[in-house]
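This report is for a reader who is meeting the structure below for the first time. Please keep the sequence and the 3D view at hand while reading.

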Amino acid sequence: MSDITMAQLDAIKHQIRQYNHQYYVLDDPTVPDVQYDRLMQQLLAIELAHPKWVTADSPSQRVGDQPLDSFQQVQHAVPMLSLDNAFNGDDLKDFDRRVRERLHKQLERPLEQSISYTCEPKLDGIAVSLTYENGVLITGATRGDGSRGEDITQNIRTLGSVPLTLLGAGWPGTLEVRGEVYMPSAGFNALNASLINQGLKSYVNPRNTAAGSLRQLDSRITAQRPLELCAYSVGLVSEPEALPSQHFNVLLQLQAWGFKINAQMRRVEGIEACLDYYTYLNQKRDSLAYEIDGIVFKVDELALQQHLGFVARAPRWAIAHKFPAQEEMTRVLAVDFQVGRTGAVTPVARLEPVFVGGVTVSNATLHNMDEIQRLDLHLGDSVIIRRAGDVIPKIVRVALQRRVANALPIPQPLSCPVCDGPVERGEGEAALRCASGLSCGAQIIQAIKHFVGRKAMDIDGLGEKQVQALVDAGKISHVADLYALNHAMLEGMERMGTKSVSNLLAALEASKDTSLAKFLYSLGIREVGEATARSLALHYGGLSDIASATLEQLQLVDDVGPIVAGRIVHFFADPHNLEVIAQLQATGVKWPEFDPQLVQENTAKLPLTAKIFVVTGTLSSLTRDDLKAQLQVLGAKVASSVSKKTDYLVAGEKAGSKLSKANSLGVAVLDETQAIAMIQSLAAQQDPP
């Protein structure tokens with residue numbers, strides 16, 4: 001830091017003030033939080049090295065920036081300070097060491113004595129202050145700059161999670177409760193879906209949406225937004241003796257008085273337990289019903305908090321340990337177009353590599369040309385990308401103020417990037433598609449990969465590279481060619497030793513005995529997934545009846561609407577497809593056919609008939625496919641998405657958005673143990689065959 005100049009320091013301060021203005025006043029941040037945090041850490045490091053350079057107007061000496069002028073101002077009786085940040089385990093250990101050393105000096109408390117901490121998920125929302133007089137809500141205010149906020153009482157009153165009158169008894173005459181207003185993920189997704197259906201612009205993230213919703217001048221708009229409040233502390237209290245002496249117990253008392261608190265919070269002993277909790281919650285993060293960006297660790301004993309006190313902008317007794325950033329800024333170097341199994345031509349952004357969400361990302365999906373136009377994306381643009389857990393990285397916003405003068409728009413492809421055939425866009429569809437069908441090399445390879453998959457014909461030993469090599473060598477040109485392969489054709493090919501060849505040929509032979517449902521699924525008919533294929537098989541019992549069914553007849557089958565029915569009719573009307581099916585049957589591929597009426601009569605007697613299940617997340621004792629099969633044996637229908645019609649969601653580890661949606665719809669949720677117990681109990685009640 002010795003070579004830094006005052007001019008450079010002033011430039012950093014100016015940039016932070018600009019970011020503060022965009023974030024707090026304009027409600028339109030231009031950089032992700034992680035980039036702001038880095039700049040603030042740089043400023044703090046410089047000022048630590050040069051204490052005489054610290055000025056009263058430095059961003060390090062204040063909490064935020066000026067609040068909006070659209071609302072009346074509220075002076076906070078007790079300042080709403082921000083928190084210092086820890087970005088790794090060493091930072092957190094340093095915080096704990098400073099706490100113990102300061103208490104040792106002040107109270108002669110043994111230096112080695114551990115500290116009790118309250119651990120709270122750091123919700124990604126907007127901080128507010130609620131003041132109650134004699135148990136009645138009087139004022140609601142935003143944090144603002146920490147000293148003054150905005151009076152949003154009318155808007156706060158619209159939140160169902162905010163008690164207008166405190167429950168129970170024993171609350172002090174004046175009680176200021178502080179909390180975070182946030183928007184749960186399911187509510188945010190539903191709001192965006194509604195906006196898109198109306199042809200309106202969607203929101204970027206739940207945090208900014210919550211902030212904007214809370215600052216509406218018309219409280220009727222706020223009332224329509226799915227906002228919640230979670231209490232995390234108190235401010236001004238007229239009779240402090242009315243509250244417990246530990247922070248954790250204070251939160252429990254607030255819960256008794258009618259406030260929502262975070263169910264994930266914990267009280268632990270010592271810094272190692274804090275680090276263990278960090279690991280636990282970071283792994284659980286993506287399955288939560290709301291977004292968090294870290295954990296707040298607070299010294300639990302309020303008396304110790306008083307002794308520790310504050311620095312200029314933050315308490316010495318609390319720190320926020322940030323999770324790896326889920327948003328980062330990078331640059332779009334190029335946009336390529338890929339062709340999928342169904343011919344969909346999908347744009348993919350090639351990015352300057354950037355570390356986000358725990359991995360280095362160099363590609364991001366763009367979905368379709370509509371998404372490119374919605375983002376107004378140009379080549380060379382700086383963009384903010386988001387990656388949450390295992391979700392494919394996505395571009396959420398273009399930093400238009402950083403666009404270079406010669407940035408070029410991204411043109412729509414006029415031909416297939418693989419076979420150079422024509423591309424088309426169906427009525428009502430967002431995706432472009434290659435019209436060449438199975439004569440397109442990309443679709444051939446993807447169709448074969450789908451055909452040999454475990455959920456389809458289950459042919460082990462054929463990965464993407466082997467399929468590509470066989471197609472390139474001219475040994476296969478469609479799925480039926482697989483069954484003509486022999487030792488002479490395979491030996492000598494890369495990755496094909498004698499044992500591998502024997503195993504593959506054995507797997508091909510074994511796959512010939514299949515079921516009608518699996519065979520239908522393996523054909524790769526657009527929008528005919530496992531559940532739909534099974535419904536078709538159960539309804540008709542034979543392939544010829546499915547192939548000859550009309551649009552109207554097909555729509556009598558569960559899961560089959562007019563679009564899917566049209567896909568099925570179109571597939572079986574194609575002579576090439578019928579020829580491939582005939583060739584497959586000629587090679588010995590077969591399945592049992594049956595009387596669907598008898599199956600339906602027997603199915604109606606099963607204990608889970610008419611019950612709809614969805615299975616999500618990672619299971620430990622069996623695969624999701626195995627669990628689905630066991631449910632289906634008992635008559636259940638296993639769907640791929642959660643809806644109001646869903647009876648049960650079976651949620652494994654990292655259940656994600658499906659769990660959030662199930663909770664929002666009131667769907668019953670079973671964990672793996674409960675689901676297996678249900679299956680075993682019902683199976684035991686069945687009559688023996």
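## Strand β12 and its partners

In this predicted model, R331 stands opposite S382 in β16. The two strands concerned, β12 (residues 327-339) and β16 (residues 382-386), run antiparallel and are joined by five bridges.

Strand β12 also pairs with β13 (residues 344-356), again in the antiparallel sense, and here the bridges number seven. Within this pairing V332 faces L351 of β13. The two strands make a hairpin with four residues between them, and G343 takes a positive phi near 90° there.

## The hairpin of β4 and β5

Another antiparallel pair is formed by β4 (residues 126-133) and β5 (residues 136-142), over six bridges. Y132 has L137 in β5 as its bridge partner. Two residues lie between the strands of this hairpin, and in the turn N134 has a positive phi of about 55°.

## Confidence

How far does the predictor trust its model? The mean pLDDT of the protein chain is 87, and 94% of the residues score at least 70. Strand β9 (residues 266-269) has the highest confidence, at 97, whereas helix α22 (residues 596-603) has the lowest, at a mean of 69. Where pLDDT is low, the predicted coordinates should not be read in detail.

## The five-stranded sheet

An open sheet with mixed pairing is built from five strands in the order β2-β11-β10-β3-β9. Its edge strands, β2 (85-86) and β9, each pair on one side only. Inside the order, β3 (residues 116-123) and β10 (residues 292-299) run antiparallel and are connected by six bridges. One of these positions is T118, whose bridge partner in β10 is K298.

Helix α3 (residues 89-107) touches β2, β3, β10 and β11 (318-322), and its direction makes about 170° with that of β11. Helix α9 (residues 271-284) is in contact with β3, β9, β10 and β11, and its direction makes about 160° with that of β10.

## The four-stranded sheet

Which order do the strands of the open four-stranded sheet follow? The order is β22-β21-β23-β24, and the pairing is parallel. Strands β22 (637-639) and β24 (668-670) stand at the edges with a single partner strand each, so one side of each has no neighbour in the sheet. On average, neighbouring strands of this sheet are turned by 30° against each other, direction ignored.

Between β21 (residues 612-616) and β23 (residues 648-651), the parallel pairing runs over four bridges. F613 stands opposite Y648 of β23. Helix α25 (residues 672-685) packs on the sheet and touches β21, β23 and β24; its direction makes about 95° with that of β24.

## Cavities

How many cavities of 30 Å³ or more does a search of the whole structure find? There are two.

The residues lining the second largest cavity are D124, Y182, M183, P206, Y290 and E291. By class, this lining has four nonpolar and two charged residues, and no polar ones.

Notes: Residues are numbered from 1 along each chain as its sequence is written. This is a predicted model: local features need pLDDT of at least 70, side-chain atom pairs count only at pLDDT 80 or more; totals for chains, interfaces and linings use all residues. Side-chain values use heavy atoms; hydrogens and water are left out. Two strands pair if DSSP finds at least two bridges between them. Axes are lines fitted to C-alpha atoms, for helices over the stretch in contact, and angles run from 0 to 180 degrees between N-to-C directions. Contact means heavy atoms within 4.5 Å. On a 1 Å grid over the protein atoms alone, a cavity is a set of points where a 1.4 Å probe fits but cannot get out, and a pocket is an open set with protein on both sides within 12 Å along at least five of seven lines; lining residues have an atom within 4 Å of a point. Grid points are joined across faces, edges and corners, and a volume is the space filled by probe spheres set on the points. Ala, Val, Leu, Ile, Met, Phe, Trp, Tyr, Cys and Pro count as nonpolar, Asp, Glu, Lys and Arg as charged, and the others, Gly among them, as polar. pLDDT is the predictor's confidence in each residue, from 0 to 100.
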